[in-house]
Amino acid sequence: MSINNIKSPIPIHEFDASYATGGPVVSLPAECFTSEEFYRFEMNAVWGHEWFCVGRASDIPKAGDYYTIQVGDDPLIVIRDRSGSVNVLSNVCQHRGMLIVEGRGNTRRLRCPLHAWVYSTGGELISAPGLSDKEEESFNVKDVCLPKIRTEVWEGFIFITYDEELAPLSERLGHLGEQLKNYRMAELRGPEPLTMEKMEWNWKIFNDECYHCSYLHANSWGGMYPLPQCNVDESVKFNDVDRGLVSYNLISPHLDAAPTHTGSILQPAMTTLTDEERSQLSYVTVAPNLLIVAMPDKVKYFMWLPAGPQTSWYGVSWMYPEATLARDDFKLNYDKEHDDLWPVMEEDLFAWNGVQQGFRSRFATRGRLTSDELVIQRLQNWLIDKYRAEDSRARAADAPDTLARVG
Ligand code: FES
Ligand SMILES: [Fe+2]
């Protein structure tokens with residue numbers, strides 16, 4: 001991650017046509033999804049200056065539990081220390097750069113496999129063979145620590161930011177937590193820890209909208225739940241574009257409706273929900289990389305991370321109350337629902353892949369967005385605000401230089 005600000009490689013005024021202000025809006029330029037240079041800019045503009053999700057605290061319940069993730073070029077360790085706090089550390093050994101751990105596991109210490117430097121679960125260096133045992137001059141283990149990334153946990157979701165100046169996460173998401181309080185998300189967990197898979201498309205392609213549902217998913221989703229264009233409500237309370245919250249509800253035909261072969265939820269409804277909550281599916285994007293879907297029986301989340309200009313990591317988890325997870329028929333119903341929705345997922349994967357291929361073409365264009373793509377319009381505005389801010393920071397950093405040259 002570059003710490004220098006970068007000017008937008010696409011002239012910043014080019015984004016005006018994609019910024020919704022009440023008039024017609026077009027898509028972002030295709031280079032935003034393909035270019036290495038733009039990707040570098042965006043790693044600063046978006047990922048360098050916002051809170052983003054890196055998983056769930058319930059995936060590392062015990063002291064010493066950890067998993068690894070990759071954000072762009074940065075391998076990270078998410079680990080629970082002995083005090084119970086969740087730490088997010090760089091996975092890069094401070095000796096000569098080796099990756100310290102892979103996958104997931106439980107450990108009392110983080111030991112680099114290359115020369116056995118050992119770090120605590122808080123990232124502090126404990127020993128370095130050949131240095132700490134020999135009391136080498138001017139070497140003190142206390143001076144070495146794995147870089148620790150600013151971390152906050154919201155409703156069980158672990159968020160990090162590289163920006164030390166950014167307001168606390170609670171200022172951004174506190175209100176949303178209040179609005180979703182009946183789902184008790186902090187207490188929910190998936191039957192398995194989240195796994196992330198590498199995908200061959202840019203991370204922004206995951207941006208959710210439901211304009212496509214009536215068409216791409218007409219025969220899959222459409223056979224289980226009313227097609228969205230007749231029941232999508234994009235003016236829901238969860239929207240707060242300035243805070244990167246973009247949302248819509250699907251209004252259900254009856255209590256506990258869900259996209260399954262029965263047309264209803266297959267697990268028991270959560271007992272803490274109102275009838276209104278049991279009559280809708282709430283889709284809430286927490287930009288840049290988390291989609292929460294609050295349903296009558298569970299909360300799903302979809303999380304993605306950038307891997308390169310045309311690659312990304314993607315994971316999905318369905319979270320339930322403990323009482324649901326403990327039921328004898330939980331797994332049976334879970335598998336049935338998974339089977340019901342698999343065709344929908346396959347259609348999405350087909351479309352995301354196809355869109356990335358299209359963006360690579362010389363004929364890729366900036367098509368007009370429809371009024372049914374309000375979600376995309378809002379997400380574009382949020383992104384463009386980030387692009388403009390980074391471009392201004394880079395220009396401001398250049399300014400004294402320019403003045404000196406002019407003078
Ligand atoms: S690179 Fe890790 S101990 Fe040498
Ligand atoms: Fe879809």
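The C-alpha centres of domain 1 and domain 2 lie 30 Å apart. Keep in mind that this is a predicted model. As for where the two parts sit in the chain, domain 1 is built from residues 1–50 plus 192–407, and domain 2 takes in 55–165. Where they meet, 14 residues of domain 1 are in contact with 14 residues of domain 2. On the domain 1 side of that meeting place, strand S16 (residues 299–308) gives the most, with three residues. Sorted by class, that side of domain 1 has eleven nonpolar residues, two polar ones and one charged one.

| Strand pair | Sense | Bridges |
|---|---|---|
| S3 (residues 74–80) and S4 | antiparallel | five bridges |
| S4 and S9 (residues 148–154) | antiparallel | two bridges |
| S13 (residues 245–251) and S14 | antiparallel | seven bridges |
| S14 and S15 (residues 290–294) | antiparallel | five bridges |
| S7 (residues 118–119) and S8 | antiparallel | two bridges |

Let's start with S4. Is this strand largely enclosed or left open by the rest of the structure? It is largely enclosed, because four of the five residues of S4 (residues 86–90) are buried. S4 pairs with S3 through five bridges, and Arg80 stands opposite Val86 in S4. The two strands S3 and S4 make a hairpin with five residues between them, and in the turn Gly84 has a positive phi of about 100°. S4 also pairs with S9, over two bridges. There, Leu89 stands opposite Lys148 in S9.

Next comes S14 (residues 280–286), which is mostly covered: seven of its seven residues are buried. In a regular strand, side chains alternate between the two faces of the sheet. So which residues of S14 point which way? Gln280, Ser282, Val284 and Val286 point one way, Leu281, Tyr283 and Thr285 point the other way, and all of them are buried. S14 has S13 as an antiparallel partner, joined by seven bridges, and Tyr248 stands opposite Tyr283 in S14. S14 also pairs with S15, over five bridges. In that pairing, Val284 has Ile292 of S15 as its bridge partner. S14 and S15 form a hairpin too, with three residues between them.

There is also an open sheet of three strands in the order S6-S7-S8, with antiparallel pairing. The strands at its edges are S6 (110–111) and S8 (125–127), and each has a single partner strand, so one side of each is left without a neighbour in the sheet. S7 and S8 are joined by two bridges, and the bridge partner of Val118 in S8 is Ser127.

Last up is helix H5 (residues 330–359). H5 has 30 residues and reaches 42 Å from its first C-alpha to its last, close to the 44 Å expected at 1.5 Å a residue. Where does H5 have its kink? A kink of about 40° lies at Leu341, shortly before the proline Pro343. Leu341 is also one of the buried residues of H5, together with Tyr334, Glu337, Gln356 and Phe359.

Methods: Residues are numbered from 1 along each chain as its sequence is written. Chains are lettered from A and ligands numbered from 1 in the order in which they are written. This is a predicted model: local features need pLDDT of at least 70, side-chain atom pairs count only at pLDDT 80 or more; totals for chains, interfaces and linings use all residues. A residue is buried if 20 or more other C-beta atoms lie within 10 Å of its own, exposed if 12 or fewer, and partly exposed in between; C-beta atoms are placed from the backbone. Two strands pair if DSSP finds at least two bridges between them. The expected span of a helix is 1.5 Å times one less than its number of residues. The bend at a residue is the angle between axes fitted to the seven residues ending there and the seven starting there. Domain bounds come from an automatic or database domain assignment. Two residues are in contact if their C-beta atoms, placed from the backbone, lie within 7 Å. Ala, Val, Leu, Ile, Met, Phe, Trp, Tyr, Cys and Pro count as nonpolar, Asp, Glu, Lys and Arg as charged, and the others, Gly among them, as polar.
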